[in-house]
Amino acid sequence: MGQSSSSTPSYTKGGDLASSFEKFFKDFKLESKILSQETITLIETHLKEGNLQRVISAISDSLREIDNAPLNIAVTGEPGAGKSSLINALRGVGHEEEEAAPTGAVETTLERISYKHPKVPNVIFWDLPGMMSITFQPQKYLKKMKFSEYDFFIIISATRFKESDVHLATAIKKMKKKFYFVRSKVDSDLHNARRTKPSTFNKDEILQRIRNDCVTQLQRANMSDTQIFLVSSLDLSEYDFQSLETTLLRELPAHKRHIFMQYLPNVTEAAIDRKRDSLRQKVWLEALKAGASATIPFMGLISDKDVEKLEETLTLYRSYFGLDDASLEIIAKDLHVSVEKLKANLRSPHLLSIEKDDESLREKLLRYVEKFCSVSGGPFATGVYFRKIFYLQNYFLETVVSDAKVLLRKEEIFKDPVDTGQTYLLQNAGNENGKSEAASS
């Protein structure tokens with residue numbers, strides 16, 4: 001901060017930048033990384049060699065692959081197992097909404113049905129008819145259902161996994177595809193147990209009994225190494241959904257993790273943090289690409305084009321974290337408060353609004369840059385000049401993440417409105433980003 005454009009660039013073309021690049025990605029867990037280790041190593045090598053054209057090319061290819069990656073998820077199981085409920089929950093769609101997958105115990109079709117995610121159209125869920133609904137053998141069933149198009153299969157059951165489920169899993173395994181057993185409706189099991197045996201009810205014991213029963217069934221079918229995930233589509237924050245999410249992320253190709261994380265509902269702080277980490281990596285890559293493309297430091301004021309880009313970025317972030325205007329209207333209705341009251345307790349809707357007559361939008365944005373760097377120490381590689389827009393993207397991201405966590409703690413909505421113009425606490429930024437040295441702006 002505070003350097004003039006005539007300052008000697010400290011941008012190095014060798015080991016320092018490569019070391020910073022390695023350190024940045026090393027801090028992320030495997031399930032959160034959006035670049036494969038092979039790609040990270042490739043970019044590091046080009047940085048050490050000072051081959052900026054190859055750095056730019058490698059990053060461009062990676063970003064294109066990440067942005068355009070399709071994700072096709074197959075969900076199969078017997079009628080009444082809860083396939084449609086799980087698909088709707090993962091898509092963030094209510095059962096009564098027009099685009100919802102129809103729920104009910106009757107299999108309505110013997111054909112596969114696709115359901116796109118309403119906000120991330122590259123993500124498609126496929127509702128496959130259960131094996132017992134049709135006369136095909138597993139191999140013929142998979143061929144008819146076009147098994148090669150799916151990234152992975154979720155085999156779901158509301159009671160016991162049947163022989164047909166095991167046969168299907170065996171066929172999927174032979175075809176070298178991933179599958180996951182999900183035991184659904186565990187909330188119903190707990191509810192029934194509490195009603196019928198209230199004096200001896202023990203939640204943990206019942207869940208363990210359900211798990212053991214599923215494991216025993218699979219052991220008898222020589223599938224003892226298969227994980228079982230207990231899930232309730234009515235409450236994804238409970239039971240094994242987070243474990244299922246982590247397992248899927250670890251086993252997906254790196255370039256598909258970003259789109260997978262963006263569609264997941266914000267049911268826990270961990271899910272929100274994963275989205276944030278994914279987006280932080282994208283911003284870092286875009287900033288590094290822009291920095292490597294520059295022949296002079298990126299200094300100076302924020303341009304009209306930058307403001308337009310920031311507006312698009314903020315809209316995208318708010319959509320990813322369920323803070324877009326349409327989502328806030330639904331949340332406000334559920335909380336029985338006005339949208340204005342809801343927004344008054346959030347910061348992201350006000351980031352690009354002018355609150356002071358003597359301050360322009362550009363001046364406000366520059367103040368954000370100073371605030372972000374003072375708290376976080378700067379999010380980028382040491383010794384590299386980055387345009388202020390990249391600091392602002394990170395500031396916007398942290399603001400939206402903070403708001404998303406506020407909505408998890410809904411009782412905070414009824415507190416007095418926060419100061420949207422002056423107060424912003426990056427509670428975690430100092431710990432997460434402070435490891436990086438402040439970059440010049």
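How many of the 441 residues of the protein chain count as buried? The answer is 51% of them. Before I go on, a reminder that this is a predicted model, so please keep that in the back of your minds.

Okay, the overall layout. The protein chain has 17 helices and six strands. If you take the contacts with a separation of 6 or more, 73% of them come from residues 24 or more positions apart.

Let's zoom in on helix 13, residues 325-335. Which of its residues are buried? They are Ser 327, Leu 328, Ile 331, Ala 332 and Leu 335. Look down the axis of helix 13 and those buried residues fall within an arc of 135°, so they line one face of the helix. Turn to the face pointing away from that buried side, and you find Ile 330, Lys 333 and Asp 334, which are exposed. And what do the buried residues of helix 13 pack against? Three helices: helix 12 (304-320), helix 14 (339-344) and helix 16 (388-408).

Helix 12 and helix 16 pack at an angle of about 25°, and their axes are 10 Å apart. That angle makes helix 12 roughly parallel to helix 16, and helix 12 passes helix 16 in a right-handed crossing. Who is doing the touching? From helix 12 we have Asp 306, Lys 309, Leu 310, Thr 313, Leu 314, Tyr 317 and Arg 318. On the helix 16 side, they meet Ile 389, Leu 392, Gln 393, Phe 396, Leu 397 and Val 400. Sort the residues of that contact by class and you get eight nonpolar, two polar and three charged.

Next pair, helix 7 (residues 186-196) and helix 8 (residues 203-220). Their axes are 10 Å apart and the packing angle is about 130°. Helix 7 and helix 8 are therefore oblique to each other, since roughly antiparallel would need an angle over 145 degrees. Helix 7 passes helix 8 in a right-handed crossing. Helix 7 brings Val 186, Asp 189, Leu 190 and Ala 193 to the contact, and helix 8 brings Lys 203, Ile 206, Leu 207 and Ile 210. By class, this contact of helix 7 with helix 8 has six nonpolar residues, two charged ones and no polar ones.

While we're on helix 8, have a look at Gln 208, which lies in that helix. Is Gln 208 buried, partly exposed or exposed? With a relative accessible area of 39%, Gln 208 is partly exposed.

Last stop is Arg 274, which you'll find in helix 11 (residues 269-293). Here's a charged residue that counts as buried, at 11% relative accessibility; the cut-off for buried is under 20%.

Over to you for questions.

Key: Residues numbered from 1 in each chain as written. Predicted model: local features only at pLDDT ≥ 70, side-chain atom pairs only at ≥ 80, totals over all residues. Heavy atoms only, no water. Buried < 20%, exposed > 50% of the residue type's maximum accessible area, 1.4 Å probe, protein only. Helix = DSSP H or I, 4+ residues; strand = E, 2+ residues; numbered from the N terminus. Arc of directions from axis to C-beta. Contact = heavy atoms within 4.5 Å. Axes fitted to C-alpha atoms, helices over the stretch in contact; angles between N-to-C directions. Parallel < 35°, antiparallel > 145°, perpendicular 65-115°, else oblique. Left-handed = near helix turned anticlockwise from the far one by under 90°.
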